[in-house]
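Hi,

Here is the structure I promised to pass on to you. Have a look at it first, and then read my notes below.

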Amino acid sequence: MAQTAISACSTGSKKRKKKSKEEGPEGPLFIRCWTMRIYLYEGKQLHGEAAYPLIRLAAEMYAAEEGLDLATCFSDAGENLFTDVDRFLIETKIGVTDKGKPFFDNLPLEFSVTNSGEMWMCAISEKPCGIDLQVAKDAPHGKIAERFFKPEEAEYVKTFGEEGFFRLWVRREAYGKMTGEGLWGDMPSLVCAGAHGDLKFLDNIDGFNISDIEIGEGIYCAVCTADPEPYQIILL
């Protein structure tokens, strides 16, 4: 099993902001601080519907931690869909778009999943998000980059080798999951030339923010969000 440097509850590099407070006509108004939570599971690989129970569990945990009353978010003929945790876990519906992006059909939450080796992660937020994880392994990274990446990206891989390839790969995956277009969809270059001609990552693409997540040696992870968003990593 890959060694990770994640504690039971690890806060991301972007510190969580405090909720701001303003005075409204009837007293204080609390403005939500959007917070993404990333749930990490280590064990047998989970794919497709086999991961649905963990996704539902992560959603229930997120709702509890954020103080969201999902029982009143959706109703069916005036009745609450969710009256207890067991029913919540059973009746939370998960769908998949034509391009493979999973979504909650009856919850006001967004999520993205990824797995590699014996690690599985699920990012949950109230705004669109995408996450990707990759444990380093032998691969013809130069040939893959030349065939599938943009010219600037292929040059980045040529310059920074295997590490550059995997860092770029997870960023591309996270972006594709965020937009719902996938890795091979219409995607701009995620690399640009700096002031001195040096190649570097673009952290903001068309208004979407991409950042690296430190997991452990030889493990690459990136997340893409609609807005800069603080995050926490929580072990399942």
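Let's start with F160, which is partly exposed, with a relative accessible area of 42%. Please keep in mind that this is a predicted model.

F160 has a ring partner, Y156, and the two form a tilted aromatic pair, with 4.5 Å from centre to centre and 40° between the planes. You will find both Y156 and F160 in helix α4 (residues 151-179), where they are four residues apart, about one turn of the helix. Is Y156 buried or exposed? Y156 is buried, because its relative accessible area is 5%, which falls under the 20% cut-off for buried residues.

In total, the structure holds nine aromatic pairs. One of them is F104 with F111, a tilted pair at 4.5 Å centre to centre and with 45° between the planes. F104 and F111 are both buried.

Finally, turn to the strands. In strand β11 (residues 129-135), six of the seven residues are buried, so the strand is largely enclosed by the rest of the structure. Which strand is joined to β11 by seven bridges? That is strand β16 (residues 219-225), and the two run antiparallel.

Enjoy exploring, and write back with any questions!

Best wishes

Terms used: Residues are numbered from 1 along each chain as its sequence is written. This is a predicted model: local features need pLDDT of at least 70, side-chain atom pairs count only at pLDDT 80 or more; totals for chains, interfaces and linings use all residues. Side-chain values use heavy atoms; hydrogens and water are left out. Rings of Phe, Tyr and Trp (its six-membered ring) pair if their centres lie within 6.5 Å; planes under 30 degrees apart count as stacked, over 60 as edge-to-face and the rest as tilted. Buried means under 20% relative accessible area, exposed over 50%, partly exposed in between (1.4 Å probe, protein chains only). Two strands pair if DSSP finds at least two bridges between them.
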